[in-house]
Amino acid sequence: FHGLRVARDIVDQDTVQPAYQRQVDLLTGKTVSYEVLLRWSDRVGGALKAPGAIADAFHDYHLATRLAFLMRKWVFRDAKQCLARGGSLPPISINASPVEFMRDDFAETFLAQLDEFDLPPGAIAVEVTEQGLIEPGPAYALRALRLLKDRGVSITLDDFGKGYSSFSRLLEYPFDGLKIDHAFVKNITLDASSHAIVDTIVSLGERLSLTIVAEGVETKEQSDMLTAMGCRIGQGYYFSPPEPAATALRIPPC
Ligand code: G
Ligand code: G
Ligand code: NA
Ligand code: MN
């Protein structure tokens, strides 16, 4: 359909690039990690655009596989370059969509690429969604996550609270962290229920020794309220949008 055709054209024209969004320590304002998101680049102006075609692309088996491979190549290269310049590099989190995660060679391909760039353990993390764990089945998903974790790739459960049976997922899989979905963060200062849900997720994360990241933080009021709840890390437009490597990681574009 139309969205996919647009996505395929853009991939073929090689006009995609990674954009890095800071994840910030709410108390100190320091960048503690990044989430990397795919962006189409406008060749002429260099402006970053993000049509909905991205989501379509990551749900198409072949396109998702190609994009994931390209994405890792760019991200690992950026990370390598950053380290080679003696820069300290906070971990970079890459999204794994359900369809790419479903491949039975997902972890092997990921790790082979990581080897190629010889990145230190802890440099790269992976975000998976509940759907990504459900579709391939628990035994397979667990095996893939273990392979990644054994090599120092930490695993975050993305969009926590948006699906269902999330609690059993926390028992089944060895997560290092979870991200509170922006739909809950959006209304924490306005709506008592959103406030209660986010507050409860933060406490749960603390008791399970998980690193909690609140997504979609757009205002100072939200940031302050999250801090008051004991949430340590925030991500969102209030701190910074997803930015090209040159800005976010302070390395020149290649
Ligand atoms: O930032 P944005 O609105 O473009 O993200 C749209 C959707 O596309 C989000 O669900 C996001 O997780 C997903 N997405 C963006 N970049 C990547 C990527 O590199 N890999 C995967 N699997 N999903 C991505
Ligand atoms: O699906 P995932 O959680 O990986 O995607 C994160 C999405 O959140 C991306 O589409 C990204 O562009 C978007 N995003 C980043 N910061 C903000 C923000 O402050 N507010 C909102 N609404 N979305 C954000
Ligand atoms: Na994500
Ligand atoms: Mn998310």
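Strands S5 and S6 (residues 154-160) pair in the parallel sense over 4 bridges, where strands are DSSP runs of E of at least two residues and helices runs of H or I of at least four, both numbered from the N terminus, and pairing requires at least two DSSP bridges between two strands. This is a predicted model, in which local features need pLDDT of at least 70 and side-chain atom pairs count only at pLDDT 80 or more, whereas totals for chains, interfaces and linings use all residues. Residues are numbered from 1 along each chain as its sequence is written, while chains are lettered from A and ligands numbered from 1 in the order in which they are written.

**Strand S5 and its partners**
- Ala125 stands opposite Ser154 in S6.
- Strand S4 (residues 92-96) runs parallel to S5 and is joined to it by 5 bridges, with Ile94 opposite Val126.
- Because 5 of the 5 residues of S5 (residues 124-128) are buried, this strand is largely enclosed by the rest of the structure; buried means that 20 or more other C-beta atoms, placed from the backbone, lie within 10 Å of a residue's own.
- Ile124, Val126 and Val128 cover one side of S5, and Ala125 and Glu127 the other.

Key. Buried ≥ 20, exposed ≤ 12 C-beta atoms within 10 Å, placed from the backbone.
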